[in-house]
Amino acid sequence: MPKIFNNLLSFKGGVHPKEYKYLTSSLPFEKIPTPSKIILPLSQNIGAPSTPIVNKKDEVFAGQLIATQNGPISAPIYSPVSGNVLSIGIEDTVSSFTKESITIKSNENLEMELFPKLDLNNISDKEICKRVQMAGIVGLGGAAFPTYFKLTPPKDKIIDYVILNGCECEPYLTRDYRLMIERPKDLIAGLKLIMKALNLEKGAIGIEDNKQDAIDVLQNLVKDDNSIKIFSLKTKYPQGAEKMLIKAILNREVPPGKLPFDVGVAIQNIGTAIAIYEAVYLGMPLISASLTVSGLGIKTPKNLIVPIGTPLIDILEYCGGIMEDAKRVVVGGPMMGITQHNLNAPIMKATSGILVLTEKEINQFDETNCLRCGKCIEVCPVNLTPTKLARFSQLGRISEAEENGIFNCMECGTCAYVCPANIPLVQWIAFGKKKLSLAKKAV
Ligand code: SF4
Ligand code: SF4
């Protein structure tokens, strides 16, 4: 039976931005030295912020629980370093909002307390979910939704498939690619744990066909295992968006306003599967992030393993510093990432990349009026009319934006990427969505 599925199904629209993955794709992960200071925002996931359980001046050790889960959609936080709590207060974060954070001055002690060992031969679905919850794991593909919540879907949702998202369709980023080729066994073990937690017999990994060696390595590992299929998918942005991935692999359509669960699918990121493996097999809480540091504006691009809470500046300095012609630092990929204004802000659990971009890489042209070319409509993978939605948002006509499906926009940035007038379509749409949500809450 063939085990690599060259699935020609893709999705309407999408774009092929210049990849720049060559800058880091051959670079193995390196661990950076412990930074002198760690800043841990209490809100690093979708849902409620965690509740701090340490005080200023307290001594903490690496792996210690310092903030607890606060409600059903929340996650605990552990200290990645040993040291003393310097402060608990408001700090800048990479999300462009300030957040209450615990700042820890680290010391040289590298010892770490792990969770108790589990009986891996007899582990139950409940034990896996409990361990994932305890470890503070959130979706590491960017959304940062608490993972245990996704592993315990409502009883009325019948899930039959789990898909690991190995597309990594954002240009520059090679974090997931490196995890796939450096840790394929851990990845498959993580996928098996997810399948067991959800009582599923079918799992898949979807990978864009620009990562053929990752496809080959994983295919070789599962060649005798009929429960897992590897799908080679067309390289196209945003192939890694959940709805696009489900369409490409299973030919199922997630209706507007619905979730993967509604079509029987659970999706997890490559990094999340590795974090689940580490929590269950090694007893590790989520205290470090694997990420790509890239762009023509950084002296030495790298793939790194970094303690969560490390300030951006420490990471950039470890990579040799930024070039004179660097113009912008972005956290995440260039399509959906966030431009940074304070390099002292710390990386968070779901940070997958830091880009330092030069003028050459940034769209240099000023915004002009809409040319009515229709390109944004052609490429929108979910059949929206971005130009109209942006205009309604700009004019405050938010109910018309809602009627035209603004909440179906996944903010992939594809429309803005192709717009020859450089209209910040996605920012306007995001603004409109926020305004509408606030208006709904106020009712
Ligand atoms: S309207 Fe939204 S979903 Fe459509 S291309 Fe633009 S950002 Fe992506
Ligand atoms: S791509 Fe830009 S210029 Fe063309 S129709 Fe859309 S908003 Fe207007």
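Here is a walk through this predicted model, from its cores to its ligands and then to a few residues worth a look.

Let's begin on the inside. In soluble globular proteins, nonpolar side chains tend to be buried together. Here, the largest nonpolar core has 83 residues. If you want landmarks inside that core, pick Ile-205, Val-293 and Ile-354, the residues with the most contacts within it. Click on Ile-354 and look at what surrounds it. Setting aside residues up to four places away in sequence, Ile-354 touches a run of residues from Leu-291 through Thr-292 and Val-293 to Ser-294.

Now for the ligands. Where does ligand 1 sit? You'll find ligand 1 in the largest cavity. There are 13 residues around ligand 1, and the ones that come nearest are Cys-380, Cys-409, Cys-412, Gly-413 and Cys-415. Two helices, H12 (414-418) and H13 (425-442), each give at least two residues to this shell. Sorted by class, the shell of ligand 1 holds 10 nonpolar residues, two polar ones and one charged one.

Ligand 2 also has 13 residues around it. The closest to ligand 2 are Cys-370, Leu-371, Cys-373, Cys-376 and Cys-419. Its shell splits into nine nonpolar, two polar and two charged residues.

Next, let's follow the backbone. Most residues other than glycine have a negative phi, and most peptide bonds are trans. With that in mind, have a look at the bond between Tyr-237 and Pro-238: this one is cis, with omega at about 0 degrees. Pro-238 belongs to the loop that runs between strand E12 (228-233) and helix H6 (242-250).

Two residues have a positive phi without being glycine. Tyr-172 has a phi near 70 degrees, and you can find Tyr-172 in the loop between strand E10 (161-166) and helix H3 (175-182). For Asn-251, phi is near 55 degrees, and this residue lies in the loop between H6 and strand E13 (265-269). Are these two buried or partly exposed? Tyr-172 has a relative accessible area of 3%, so it counts as buried. Asn-251 comes out at 43%, so it counts as partly exposed.

While you're in this area, stop at Met-244, a residue of helix H6. Met-244 counts as buried because its relative accessibility is 4%, under the 20% cut-off. How far apart in space are Met-244 and Pro-381? They are 137 residues apart in sequence, yet their C-alpha atoms are 7.8 Å apart. The two residues touch, and Met-244 also touches Phe-11, Pro-238, Gln-239, Val-382 and Met-410, not counting residues up to four places away in sequence.

Our last stop is Lys-236, back in the loop between E12 and H6. Is this lysine buried or exposed? Lys-236 is buried, because its relative accessible area is 10%. Leaving aside neighbours within four places in sequence, Lys-236 is in contact with the stretch of Ser-10, Phe-11, Lys-12, Gly-13, Gly-14, Val-15 and His-16, and also with Cys-169 and Glu-208. Asp-224 is another story: it is 12 residues from Lys-236 in sequence, but 30 Å away in space, C-alpha to C-alpha.

Technical notes
Residues are numbered from 1 along each chain as its sequence is written. Chains are lettered from A and ligands numbered from 1 in the order in which they are written. This is a predicted model: local features need pLDDT of at least 70, side-chain atom pairs count only at pLDDT 80 or more; totals for chains, interfaces and linings use all residues. Side-chain values use heavy atoms; hydrogens and water are left out. A nonpolar core is a set of buried Ala, Val, Leu, Ile, Met, Phe, Trp, Tyr and Cys residues joined through side-chain atoms within 4.5 Å. Buried means under 20% relative accessible area, exposed over 50%, partly exposed in between (1.4 Å probe, protein chains only). Contact means heavy atoms within 4.5 Å. A residue is near a molecule or strand if one of its heavy atoms lies within 4 Å of it. On a 1 Å grid over the protein atoms alone, a cavity is a set of points where a 1.4 Å probe fits but cannot get out, and a pocket is an open set with protein on both sides within 12 Å along at least five of seven lines; lining residues have an atom within 4 Å of a point. A molecule sits in a cavity or pocket if more than half of its atoms lie within 2 Å of its grid points. Helices (H or I, at least four residues) and strands (E, at least two) are DSSP runs, numbered from the N terminus. Ala, Val, Leu, Ile, Met, Phe, Trp, Tyr, Cys and Pro count as nonpolar, Asp, Glu, Lys and Arg as charged, and the others, Gly among them, as polar.
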